[in-house]
Amino acid sequence: MEFRDLKRQYQYLKSEMDMALQEVIENTNFIHGRQVAELEKQLAEYVGTKHCIACANGTDALQLALMTWNIGQGDAVFVPDFTFFSSGEVVSAVGAVPVFVDVDPDTCNIDMDSLEHMIEKTIEKGALTPKAIIAVDLFGQPADYVKIKKIAEKYQLLILEDAAQGFGGKIGEEKACSFGSIATTSFFPAKPLGCYGDGGAIFTNNDEWADLLKSYRIHGKGSSKYDNIRIGMNSRLDTLQAAVLLAKFPVFAEKELIWEQEIAARYTELLKGIVKTPVVKESFYSSWAQYTIQLPDKNHRDGLQEYLKKQGIPSAVYYQKPMHRQRAFDNCFYDDDDYPVTNRLSEIVLSLPFHPYMKEEEIRLVAGAVGRYMGR
Ligand SMILES: *Cc1c(COP(=O)(O)O)cnc(C)c1O
């Protein structure tokens, strides 16, 4: 069994995919092919934002957003403590300081009380200027943007939505990647909408920021690539990756997302009362980047992972280490007591095999093994 079976997805899409790739190879327009602009148009329409700017990966997408807002030395950016390294890494990369925030034990997304507490604490210390909140749509479920927006308004902060795992999610009828003043996503192969390598995109309604983002992603270009008016990056999306995404996108939007709802519901039905299953809030819709259960303690978590492995069932721990305990941030001085939920989650979470092409027997096999290990 595979954790996320991309081979099965390729088999399902093979004829369209092979044709799409062949077209790029024959045209040899590997950079700036028409597929890149076409993809940007389709994704912006789907998400409901005015602009979509494709780039090289989800990490660059976040960094480009921070550069556009001119965030740097002396600035504080609030980031959930329970996320992939990139969400905090980019803050340090532009010279600002990531102030980590604890998360909600049910959704694993940024916690409002902790957010306000950390903002107040930062203001009180007085060394940094609070500038932005990076809210992460973890495991596919959007963060609670209604509440985040209230806090952002109160403290005059910008919202950067890190939807690397959230593309395809919704709150009501509003789609992920439309909630932040700027939002970003990743097309890393294992993400909800993945390409065949690295890729990313940035979404915004703001024309001025869109122009800046387009400049920063190509060496700070002015009128052309050879007229450089600011220090930028080289962060384009390849035509081949755009072609892969165009071939996948209709199937993702019309089929895969629906299959994933069914698979998640099936897992939850079979695992009910055995382990803590993922909580998706009322009127929220997850794109199921991961199906993550919680065990009673670290012994059970590690034991279950070992037990599954012996039966050929892969699983993964997202995430092993809270951000504030990563050595890369040693110089930022965090108080471990500010993060009780993340500290606990990192010991008890386990993500199970999950992808839209999973079969009923596979779901049963995994859930059955979890049940046996837990003595049910
Ligand atoms: C994957 C991921 C990223 C980074 O995306 P890349 O395309 O791998 O650079 C950023 N944030 C989160 C939450 C992610 O899961």
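Modeller: Happy to! Let's start at the ligand: a polar side-chain atom of Ser-186 lies 2.7 Å from one of the ligand's oxygen atoms. Keep in mind that this is a predicted model.

Colleague: Nice. How many residues surround the ligand, and which are the closest?

Modeller: There are 14 residues around the ligand, and the closest are Gly-58, Thr-59, Asp-162, Ser-186 and Lys-191.

Colleague: What does Thr-59 do with its side chain there, in terms of distance to a ligand oxygen atom?

Modeller: An N or O atom in the Thr-59 side chain is 2.5 Å from an oxygen atom of the ligand.

Colleague: And Gly-58, which part of that residue lies 2.7 Å from a ligand oxygen?

Modeller: For Gly-58 it is a backbone N or O atom that lies 2.7 Å from an oxygen atom of the ligand.

Colleague: Then at what angle do H1 and H8 pack?

Modeller: Helix H1, residues 6–27, packs against helix H8, residues 239–271, at about 155°, and their axes are 8 Å apart. An angle over 145 degrees counts as roughly antiparallel, so H1 and H8 are roughly antiparallel to each other. Their crossing is right-handed.

Colleague: Which residues of H1 and H8 meet?

Modeller: On the H1 side they include Tyr-12, Leu-13, Met-17 and Leu-21, and on the H8 side they include Leu-240, Val-244, Val-251 and Trp-259. By class, the contact of H1 with H8 has twelve nonpolar, two polar and four charged residues.

Colleague: What about H3 and H7, at what angle do they pack?

Modeller: Helix H3 (residues 58–68) and helix H7 (residues 207–216) pack at about 120°, with axes 9 Å apart. That angle makes H3 oblique to H7. The crossing of H3 and H7 is right-handed. H3 brings Leu-64, Ala-65, Met-67 and Thr-68 to the contact, while H7 brings Trp-209, Leu-212, Leu-213 and Tyr-216.

Colleague: One more pair, please! How far apart are the axes of H9 and H11?

Modeller: The axes of H9 and helix H11 (residues 360–373) are 10 Å apart, and the two helices pack at an angle of about 130°. That makes H9 oblique to H11. H9 contributes Asn-299, His-300, Gly-303, Leu-304, Tyr-307 and Leu-308, and H11 contributes Ala-369, Val-370, Arg-372 and Tyr-373. By class, the contact of H9 with H11 has six nonpolar, three polar and one charged residues.

Colleague: Where is Thr-28, and what is its phi?

Modeller: Thr-28 sits in the loop between H1 and helix H2 (34–47). Its phi is near 50°, a positive value in a residue that is not glycine. Gln-156 also has a positive phi, of about 60°, and is not a glycine. You'll find Gln-156 in the loop between helix H6 (145–155) and strand S5 (158–162).

Colleague: And the peptide bond from Tyr-318 to Tyr-319, cis or trans?

Modeller: That bond, from Tyr-318 to Tyr-319, is cis, with omega near 10°. Tyr-319 lies in the loop between helix H9 (298–310) and helix H10 (340–348).

Conventions
Residues numbered from 1 in each chain as written. Predicted model: local features only at pLDDT ≥ 70, side-chain atom pairs only at ≥ 80, totals over all residues. Heavy atoms only, no water. Axes fitted to C-alpha atoms, helices over the stretch in contact; angles between N-to-C directions. Helix = DSSP H or I, 4+ residues; strand = E, 2+ residues; numbered from the N terminus. Parallel < 35°, antiparallel > 145°, perpendicular 65-115°, else oblique. Left-handed = near helix turned anticlockwise from the far one by under 90°. Contact = heavy atoms within 4.5 Å. Nonpolar A, V, L, I, M, F, W, Y, C, P; charged D, E, K, R; others polar. Near = heavy atom within 4 Å. Polar contact = N/O pair within 3.5 Å; in protein donor to acceptor, adjacent residues only side chain to side chain.
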